[in-house]
Amino acid sequence: MNEEIPNLTAFDEAALDQAFARLERQAREAAALLSGEQAVEAFRLQWLGRKQGRLNEVSGRWLKTAPAEARRALGLRFNALKAVVEGLLDAALGSGPTDAALAREAIDITLPGTRRLTGAEHLITRTTNEIVSVFAALGYSVGVGPEVETDYYNFECMNFPPGHPARDTQDTLVIANQERRPQRDRLLLRTHTSPVQMRTMEMQPPPVRIVIPGKVHRNDADDATHSSTFHQVEGLCVDTNITFSDLKGTLDYAMKALFGSSVKTRFYPSFFPFTEPSADLQISCIFCGGKGCRKCKQSGWIELLGCGMVDPAVFAFAAEKQPAYDPKKISGFAFGMGVERIAMMKYGVSEIGKFYDEDMRFLGQFV
Ligand SMILES: [Zn+2]
């Protein structure tokens with residue numbers, strides 16, 4: 001503890017030196033023991049406090065009682081002492097956090113961290129990207145278009161004339177209150193990504209090589225393999241001298257890239273309004289290798305996608321805006337596949353609804 005400030009009896013230089021040296025020593029000793037903000041504040045009050053601080057007391061007792069000839073010498077020493085005390089206080093304040101404060105805030109870097117969930121591609125997105133990248137490697141670019149389409153782009157220009165029975169194979173979700181519009185302008189949810197084929201041809205002359213990934217909608221009842229909303233990747237290749245051999249070679253390559261090099265392909269006659277001739281592509285069963293199993297209904301083959309040579313009637317619609325699509329001069333092929341169906345096969349998913357359930361236990365398996 002600091003003792004009380006004594007009264008000074010002598011005011012000569014030696015007596016002043018001694019008295020101030022004693023105070024300075026006391027201040028230095030007290031400052032050396034300071035620890036923590038509270039102690040520093042107490043030190044400040046004890047020495048520099050306006051009312052009961054020791055320097056205030058020195059000024060009251062010594063300066064005021066000093067004879068006139070000693071005041072200057074006393075004042076000089078007083079200011080020097082004050083500077084020392086203020087320096088000690090600055091040092092104590094600037095010396096950083098105390099050991100106790102450091103211990104409170106210490107971080108144990110050996111503790112395990114907080115694991116955060118990172119996003120991952122949904123199986124449908126991943127499968128779409130896999131299919132698109134196979135064709136991108138062949139020089140195809142990606143086309144996109146609106147999900148709400150006109151009757152013209154979804155049906156008419158794809159060679160489904162109004163009233164044509166082929167329209168019945170795609171139960172369509174139509175936008176309400178369109179009755180006053182001409183049929184070709186009525187809006188609907190696209191039933192396939194084929195409208196983007198026409199939109200692309202209208203915008204650029206041949207040659208064209210695009211794949212069109214996208215969401216499509218049909219008025220289907222949901223069951224294990226059907227959903228009213230699903231995803232397709234369609235493709236279109238138009239140039240001079242494109243033949244059915246090009247179609248077969250392209251799709252055979254793509255199936256091997258998607259399902260493995262041992263997969264075989266074969267083509268069966270089929271019908272689509274927008275291709276002529278049309279075919280269904282089948283691949284050898286990826287589960288049994290073609291021997292026959294429950295998945296392929298013992299046939300050894302699985303039907304995977306539809307394809308064919310672009311019908312000249314479709315080119316005639318494109319030629320209305322791009323005359324270069326003259327069916328006599330160019331030819332092309334188109335194909336379309338369901339992303340869900342391919343994802344179910346590749347990843348062994350038995351119910352299409354699992355893709356949309358948002359059940360993390362299911363989706364997390366494929367991360
Ligand atoms: Zn099989």
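Predicted model: local features only at pLDDT ≥ 70, side-chain atom pairs only at ≥ 80, totals over all residues.
Let me start with a term: a residue is called buried at under 20% relative accessible area, exposed at over 50%, and partly exposed in between, using a 1.4 Å probe and protein chains only. By that rule cysteine 288, at 12% relative accessibility, counts as buried. Cysteine 285 is also buried, because its relative accessible area is 2%.

Residues are numbered from 1 along each chain as its sequence is written, and side-chain values use heavy atoms, with hydrogens and water left out.

Which atoms hold the zinc ion? The SG atoms of Cys285, Cys288, Cys293 and Cys296 coordinate the zinc ion at 2.2 to 2.3 Å. Donors here are N, O and S atoms within 2.8 Å of the metal (3.2 Å for Na, K and Ca); water is not among the atoms, so sites may look incomplete. The spacing of the donor residues in sequence is C-x2-C-x4-C-x2-C. The angles among the 4 donor atoms are 102 to 114°, and the site is tetrahedral; four donors count as that if all angles lie between 85 and 135 degrees.

Glycine 292 sits in the loop between strand 7 and strand 8. Helices (H or I, at least four residues) and strands (E, at least two) are DSSP runs, numbered from the N terminus. Apart from neighbours within four places in sequence, glycine 292 is in contact with Gln298 and Gly300, where contact means heavy atoms within 4.5 Å.

Two strands pair if DSSP finds at least two bridges between them. Strand 4 (residues 208–217) and strand 5 (residues 229–239) are antiparallel partners over 10 bridges. In that pair, valine 208 stands opposite valine 238 of strand 5.

Last, two helices. Helix 1 (residues 13–32) packs with helix 4 (residues 71–93) at an angle of about 10°, their axes 10 Å apart. Helix 1 is therefore roughly parallel to helix 4, a label for angles under 35 degrees. Axes are lines fitted to C-alpha atoms, for helices over the stretch in contact, and angles run from 0 to 180 degrees between N-to-C directions. Among the residues that meet are Phe20 and Leu23 in helix 1 and Phe78 and Leu81 in helix 4.

Conventions:
Tetrahedral: all angles 85-135°; square planar, octahedral: opposite > 155°, others 65-115°. Parallel < 35°, antiparallel > 145°, perpendicular 65-115°, else oblique.
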